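Here's a quick tour of a protein model, written for someone who likes to know the cut-offs. Have a look at the structure first, then read on for its cores, pockets and cavities.

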Amino acid sequence: MSSAANGNDSKKFKGDIRSPGTPSRVIHVRKLPSDINEAEVISLGLPFGKVTNLLMLKGKNQAFLEMNTEEAAQTMVSYYSSVTPVIRNHPIFMQYSNHKELKTDNSPNQVRAQAALQAVNAVQTGSMSIAGVDPTGVTGPSPVLRVIVENLFYPVTLDVLHQIFSKFGTVLKVITFTKNNQFQALLQFADGLTAQHAKLALDGQNIYNACCTLRISFSKLTSLNVKYNNDKSRDYTRPDLPTGDSQPAIEHHAMAAFGLAVPGVPGALASLAIPGAAAAAAAAGRLGFPALSGGHCVMLVSNLNPERVTPQCLFILFGVYGDVIRVKIMFNKKENALIQMSDGTQAQLEVVWKGTLPREGHEDQGLTKDYSNSPLHRFKKPGSKNYSNIFPPSSTLHLSNIPPSVVEDDLKMLFSSSGAMVKNFKFFQKDRKMALIQMGSVEEAIESLIEFHNHDLGENHHLRVSFSKSTF
């Protein structure tokens, strides 16, 4: 685009002038690499909703992206304020535009942008065959993914796979089977673009900490033929199919889909899971984001009780599963929080979190807290035994670092002091510094872990609390 056209870009807008901090469907994207293409800019918005318009200002290394709803734009800006997207090794910056909507002209410079948008929309709405054109101009991928689960420490069910992959779009059919002693699945999405997003985001990720690794490739099949709806295969478009002969479904673990399913915690933490938009964006390799299994990653946690949740609560709970670097409860939507995790790689954390702390003069009401230097990180030491003691939430807690002067009644009294019920207690026979304590429910155990992990027991001993796989 010529510099003259760049200087007159305001003529292409329609709508009121707005302040840069005011939410708008239009997002101003800055500091783009000079060789950027339209598809790469569109891909920034895809995980969050439909991209309805695009204005490229290549001469200024900028672009304007219009989302279909203001809510989609808000989610996008909020997410990218905590994770700086990187395209071709360039960090990209974005903010709300001053303009309410885009009005692009028919100049040759805009033809490519509109063509790229049409290609994306055609694939997303299914109006183009899967073998049609995708945003990068390459033949589209198959809507069927082949999934191999390696290091199968916990059983992975069809329902767990459906829960994970549904975060990227509509899953039509799933078939699971064991081949060459490996648990595998074929999974059909509604379209190839959704399958591509899911593969980019999930390939190489772990379903549970340090195990159950997903290896994903495109299948040569373009459609699956499912005969039975049971725990081995499912056609979600045909609820009338018979069940056939199948073993009962294995009850899957509470910790699924990159989050903790913690149902029914009374007035505290309800369901902790990552919406598809954030999961897709966080792990989309082509945007240069760090993967969930290495480096650092940011999770969006939703459905929290704003009356009771604090950064400290989330730090302690998620600290069971990895080292928490920062917690940010959303100022305008306190039932949502961003949690940055790390596997010990501390590099670039300041870059990643730039822009999330409150601006000078704006009080954040204690909603953001930095834990990067906390002494409570469980996984700082490489090969720490804590890695092998990661378990889903359960009613039984493992206690350690107990001083000799503290007896059974002391610990029972401590854990019942918050109103919870203590059902059972026993010290380890070989090591009295450790014990198991069973609470009245999983919910009480979660709240007890949050409250009493790092509790000062005297004699310079701080209690360590984690979930246990043992039962009484």
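## Cores, pockets and cavities

The largest nonpolar core holds 44 residues, and those with the most contacts inside it are Leu314, Phe318, Leu397, Leu399, Phe415, Leu463 and Phe467. Helix α8 (residues 311-318) gives the most to this core, with six residues. There's also a second, separate core of 29 residues, with Ile36, Val51, Ala116 and Leu117 among them. A nonpolar core here is a set of buried Ala, Val, Leu, Ile, Met, Phe, Trp, Tyr and Cys residues joined through side-chain atoms within 4.5 Å, and buried means under 20% relative accessible area with a 1.4 Å probe, protein chains only.

Bear in mind that this is a predicted model: local features need pLDDT of at least 70, side-chain atom pairs count only at pLDDT 80 or more, and totals for chains, interfaces and linings use all residues. Residues are numbered from 1 along each chain as its sequence is written, and side-chain values use heavy atoms, with hydrogens and water left out.

So how confident is the predictor? On pLDDT (its confidence in each residue, from 0 to 100), the protein chain averages 75, and 73% of the residues score at least 70.

| Space | Volume |
|---|---|
| Second largest pocket | about 820 Å³ |
| Largest cavity | about 60 Å³ |

The second largest pocket is lined by 30 residues, with Arg378, Lys385, Asn386, Ser400 and Arg464 lying nearest its centre. Strands β21 (396-400) and β24 (464-467) each give two or more residues to that lining, and β24 gives the most, with four.

By this rule there are three cavities of 30 Å³ or more. Lining the largest cavity are residues including Phe315, Ile316, Asp323, Arg378 and His453; α8 and β18 (323-329) are the elements that give two or more residues to this lining.

How values were computed:
pLDDT is the predictor's confidence in each residue, from 0 to 100. On a 1 Å grid over the protein atoms alone, a cavity is a set of points where a 1.4 Å probe fits but cannot get out, and a pocket is an open set with protein on both sides within 12 Å along at least five of seven lines; lining residues have an atom within 4 Å of a point. Grid points are joined across faces, edges and corners, and a volume is the space filled by probe spheres set on the points. Buried means under 20% relative accessible area, exposed over 50%, partly exposed in between (1.4 Å probe, protein chains only).
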